[in-house]
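Hello,

Here is the structure I promised to pass on to you. Have a look at it first, and then read on for what turned up in it.

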Amino acid sequence: MLDYLIVGLGLAGTCFSETLRKNSKSFKVISDTSQQASLVAGGLYNPVILKRFTLAWKADEQLDVALPFYTELERQFNVKLDFKVRILRRFASIEEQNGWFEAADKQGLRRFLSTKIHPNKNSSLDAPFGFGEVLETGRIDTQRLLTVYRKLLLQEEKLVEERFDHQTLKINEDGVDYKAIKAKRVVFAEGFGLKHNPFFDYLPLNGTKGELLTIKAPKLKEMSVIKSSVFIIPLGDDQYRIGATHKWKDKTNKPTEEAKEELLKKLRTFLKCDFEVIDHVAGVRPTVTDRRPLVGRHPEHKNLFVLNGFGSRGVLIAPYASHQLYEAVENNGTVHQEMNSNRFTSKYQEA
């Protein structure tokens, strides 16, 4: 009997799988490619909400867990995953500059907001009021991470590439049976696919569609991430990722012309050089009504668990949430109450 069966191999499933590997637990993963959010993610880790100059929820704690986690994966796979890159927030006015300085003086933000205003030196950018710099930032190459990790699990015969059939799962007193697999516990890390999970469909997972463009701009020559009305994320070879949109009605992974035009319109308000669009992708982020993750045990079936709801900050949250879930299951630890799925137990009882 395996210790764990994991459903889903996006950022959540990958980080939890690695947590199990480090702790010598036996497991298998079942995953198809129906959920694209982790594959099309921008991959930025940024502790600050730049629209409002506030600290993202538990971002300091998450950063302290996530960075060593990715460093260890780099060492293990001998591959570059963590690209240290500074994030510059473009100021639209003197008032925004003043708001930045006020925020930088607050207790939680002092670590992450530089008090130096960076004047614009890039002729391809329109930024007369300069930039504020966020500290301790970077980009995780999520596509490379998921590719190398999937390959590892296939080599170790720990990955079954198929769609999970919830109706086939049989729950017993001491664990579960799924086809030929017996496991003590199941962890559902399905992303937006959780909406079709009959065990956890009571959870208020909304899903927010995000679309990103990749452009080629030979004259831009920018090494930093620029945040204005959209992000410009340098990828190398004069390529940049532009994103992202937030749509709540469309729940498909299909790129739309409407979103493309929205991104281009915003981009052209401050990018002055020529460019061409070379790629356009979409995915549905697993977002929750109260903007907190969903991590914990099923109210009735004590060997079923959920690891989900990371929204647009999965790169930061996934290692932190995976560690908390593992400690809660194996060592009688506690999942932080603000992200514990038991906060919605009343919805399960009403269903």
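Phe83 stands opposite Arg139 in β10. Please keep in mind that this is a predicted model. The two strands concerned, β6 and β10 (residues 138–140), pair in the antiparallel sense over three bridges. They belong to an open sheet of three strands, in the order β3-β10-β6, with antiparallel pairing. At the edges are β3 (44–45) and β6 (82–84), each of which pairs on one side only.

Arg86 forms a salt bridge with Glu133, with 3.8 Å between the closest N and O atoms. Arg86 sits in the loop between β6 and β7 (87–90) and Glu133 in strand β9 (residues 131–134), so this pair ties together parts that are 47 residues apart in sequence. Are the two partners buried or exposed? Arg86 counts as partly exposed, at 35% relative accessibility, while Glu133 is buried, with a relative accessible area of 15%.

How many salt bridges does the structure hold? There are 26. As a general point, side chains of opposite charge can pair when their charged atoms come close. Here are some others to look up:

- Glu330 and Lys25 form a salt bridge, their closest N and O atoms being 3.4 Å apart. Glu330 lies in helix α6 (residues 314–330) and Lys25 in the loop between α1 (11–22) and β2 (27–30), so the pair ties together parts 305 residues apart in sequence. Glu330 is partly exposed at 21% relative accessibility, and Lys25 is partly exposed at 23%.
- Arg150 and Glu161 meet through their side chains in a salt bridge of 2.8 Å, N to O. Arg150 is in helix α4 (residues 142–155) and Glu161 in the loop between β11 (159–160) and β12 (170–171), 11 residues apart. Arg150 counts as buried, at 19% relative accessibility.
- Glu18, Arg21, Glu156 and Lys158 are linked in a network of salt bridges.

Arg111 is partly exposed, with a relative accessible area of 32%. Leaving aside residues up to four places away in sequence, Arg111 touches Asp60, Leu63, Asp64, Leu135 and Glu136. With Asp64, the side chain of Arg111 makes a polar contact of 2.9 Å. Asp60 is 51 residues from Arg111 along the chain, and their C-alpha atoms are separated by 9.0 Å.

Note on methods
Residues numbered from 1 in each chain as written. Predicted model: local features only at pLDDT ≥ 70, side-chain atom pairs only at ≥ 80, totals over all residues. Heavy atoms only, no water. Buried < 20%, exposed > 50% of the residue type's maximum accessible area, 1.4 Å probe, protein only. Contact = heavy atoms within 4.5 Å. Polar contact = N/O pair within 3.5 Å; in protein donor to acceptor, adjacent residues only side chain to side chain. Pairing = 2+ DSSP bridges. Helix = DSSP H or I, 4+ residues; strand = E, 2+ residues; numbered from the N terminus. Salt bridge = Lys/Arg side-chain N within 4 Å of Asp/Glu carboxyl O.
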